[in-house]
Amino acid sequence: MVAVYLLLCAALVGLGGRLAWLQLVEGAQLQAKARSHQTLKVDPLGERRTVVDRMGRLVAIDEERFTLWAHPQYFNFPNDPPQRVRPPADVAKALSVVLAQPVDTLRRALGDHKSGVRLATNLDPETAAQVRKLGISGLDLDPYPQRIYPQGGLFANVVGFLNSERQPQAGLEQSRDRDLRRQETPFTLRRGADGTPLPDGLRPGSLYGDDLRLQLTLDARLQLVAQQALARQVKQWNAKRGAALVIDARNGELLALASTPTYDPNAYWKYDPGLFREWSVQDLYEPGSTFKPINLALALQEKVIDPKGTIYDSGQLTIGGWPIFNADRSGHGSIDFPTILQVSSNVAMVQAMAQMNRDRYWRWLHNLGIDAVPDTDLPGAVAGQLKTRADFTAGAIEPATAAFGQGFSLTPLKLLQLHAMLANGGRLVSPHITRGLRSGDALASKGTPTGVQLLDPKVTRTVIDWMETVVEKGSGKGLQIPGYRIGGKTGTAQKAHNGVYIPGARICSFVAVLPIEDPRYVVLVVVDEPQGGNAYGATVAVPVARQIVEALLVLQQIPPSRPVAAMAKPAPAR
């Protein structure tokens, strides 16, 4: 009895010591291990919001994809005994049809591994459902979001893309990264003894997920027309690149911003990284003659020229020892201001702008924001280059070259903004491509007129009427569309690099305003370094602008400005 008593006492002492060890020494470790078994932590997948165009068409979307993992030590088919483990060859044979891969390939991938074999990645939901339907134990589908761009390269220049690690690399994906990330928070769930998740432990809002979408102002239909027309012309003229932009002058919304060459964001790794930037927003050029209407508006605003007056164009003149010629090296005699735009007279423009005080001229260019970054949501926008006030006013040559759009530089986006100012009555609007976040299928209404008033509406109205004569009688005749009043201005400028003009290199452009009776839309086409002796704004840029304008008239349902004469009916056959 004593021996039994002592044995029991020793057992109790040992049990107490063990309990003390578990509680005091290993308690925290065991508690953490228990918590890991009792709770399930769910980390966010990092999903991003959908991007749509102005009509709700998909531009960028996250689609669910799956990675298939295999654990051969647990292979078991439906209706098999629970303890049976199937050989890898059986599983490879069952998966070969679903994954469209040879049995031998899958068998080699499985090898002799016991667990953690990645058999396939980037599986679409339909294929994943077929794998689940097989009901094979030991196969694990790991879901993850995949960024898809349904429009391919159509919006690549502005939307950008995500790399393989889902890091934004360009465009709106990068500049609006915070807005495009869905509201997701990690949360934990308690699990029952059999592993079933229980609602206990969830905090309010843990499972909340928004359905917000980023809506663009761009129209996929107009964007497609612009990109295709631009690509054909760039190829035909063997040009370096091209850009086409369309803006609603009332509120600054861009309806199209196309450029070529472009790339496919779904396979970005196949393309030159230089294509990932939108050059019409980030690269500077001298606008040339397309800036002449802006200059004439400044001269009218300052009342240094008479809108009904004339200027004598001799074909050439010398300013500060520098000769200045017209593009065709010929004079046009005494001409009015509409004719100056029609024939694009450099000499007449120099004489007209010489009437303005040099300091006032520089201040206007500065106030227009030539040397400032445009107020826009387009990523990567840059400021133009303008000579300092001292350099500009020191001699007559700087204002003279500025009179016909050279000697300073800006982006195509900035030039578009300035022509929108002429179209809307003198308000400088902010060009933008987003309307903001919208819930579900809801779309935002058109923006309201905005902008800072800089010019007198009467001044801009006069210049717009002069631009109409360029399409009616001048270099913009290729844009004549029966029944519609359209204004425009061609431009063929020399191309400079590091302050030196490149021999033979030029930039051809054309800007259009429509409809003249109530100006609303501005179209700008710029083609960089077209090849050939006949490469001018009228031959290179106007044909692209015409196709864009024709599409714009249909898409925006713009009625004719005047009745179209009925076509004569053919005589009946006899």
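**Helix packing, then the sheet**

Author: A94, L95, V98 and L99 in α3 meet T127, Q130, V131 and L134 in α5. By class, this contact of α3 with α5 has six nonpolar, two polar and no charged residues. Keep in mind that this is a predicted model.

Reader: At what angle do α3 and α5 pack, and how far apart are their axes?

Author: The angle is about 155°, and the axes are 10 Å apart. That makes α3 roughly antiparallel to α5.

Reader: Is the crossing of α3 and α5 left-handed or right-handed?

Author: The crossing of α3 and α5 is right-handed.

Reader: Now α9 and α19. At what angle do they pack?

Author: Helix α9 covers residues 220-236 and helix α19 covers residues 537-555. They pack at about 160°, with axes 9 Å apart. The pair is therefore roughly antiparallel. Here, too, α9 passes α19 in a right-handed crossing.

Reader: Which residues of α9 and α19 meet?

Author: From α9 come R221, L222, V225, A226, A229, L230, R232 and Q233. They meet T539, V540, P543, V544, Q547, I548, A551, L552 and L555 in α19.

Reader: And by class, what is in the contact of α9 with α19?

Author: It has 12 nonpolar, three polar and two charged residues.

Reader: On to the sheet. What is the strand order?

Author: It is an open sheet of five strands, ordered β10-β9-β20-β19-β18, with antiparallel pairing.

Reader: Which strands stand at the edges?

Author: β10 (254-260) and β18 (487-497) do. Each has a single partner strand, so one side of each is left without a neighbour in the sheet.

Reader: How much are neighbouring strands turned against each other?

Author: By 10° on average, direction ignored.

Reader: Let's look at β20. How many of its residues are buried?

Author: Eight of the eight, so β20 is largely enclosed by the rest of the structure. Y521, V523, V525 and V527 point one way. V522, L524, V526 and D528 point the other way.

Reader: Which way do β19 and β20 pair, parallel or antiparallel?

Author: Antiparallel, over eight bridges between β19 (residues 500-514) and β20 (residues 521-528). V511 stands opposite L524, and the bridge partner of F510 is V525.

Reader: What joins β19 to β20?

Author: A hairpin, through six residues. P515 sits in that loop between β19 and β20. A cis peptide bond joins L514 and P515, with omega about -20°.

Reader: How many bridges join β9 to β20?

Author: Eight, and the two strands run antiparallel. β9 covers residues 241-248. A243 stands opposite V526 in β20.

Reader: Which strands does α18 lie across?

Author: Helix α18 (residues 457-473) lies across β18 and β19. It runs at about 85° to β18.

Reader: Backbone angles next. What about phi of E529?

Author: Phi of E529 is positive, about 55°, although E529 is not a glycine. E529 is in the loop between β20 and α19. Most residues other than glycine have a negative phi.

Reader: And Q557, what is its phi?

Author: Near 50°, again a positive value in a residue other than glycine. Q557 lies in the segment after α19.

Reader: Is Q557 buried or exposed?

Author: Q557 counts as exposed, at 69% relative accessibility.

Reader: Last one, T50. Buried or exposed?

Author: T50 is buried, because its relative accessible area is 8%, and buried means under 20%. T50 lies in strand β2 (residues 50-52).

Reader: What is T50 in contact with, leaving aside its neighbours within four places in sequence?

Author: L58, A60, I61, R182, L212, R213 and L214.

Technical notes: Residues are numbered from 1 along each chain as its sequence is written. This is a predicted model: local features need pLDDT of at least 70, side-chain atom pairs count only at pLDDT 80 or more; totals for chains, interfaces and linings use all residues. Side-chain values use heavy atoms; hydrogens and water are left out. Helices (H or I, at least four residues) and strands (E, at least two) are DSSP runs, numbered from the N terminus. Buried means under 20% relative accessible area, exposed over 50%, partly exposed in between (1.4 Å probe, protein chains only). Contact means heavy atoms within 4.5 Å. Axes are lines fitted to C-alpha atoms, for helices over the stretch in contact, and angles run from 0 to 180 degrees between N-to-C directions. Angles under 35 degrees count as roughly parallel, over 145 as roughly antiparallel, 65 to 115 as roughly perpendicular and the rest as oblique. A crossing is left-handed if the near helix is turned anticlockwise from the far one by less than a right angle, and right-handed if clockwise. Ala, Val, Leu, Ile, Met, Phe, Trp, Tyr, Cys and Pro count as nonpolar, Asp, Glu, Lys and Arg as charged, and the others, Gly among them, as polar. Two strands pair if DSSP finds at least two bridges between them.
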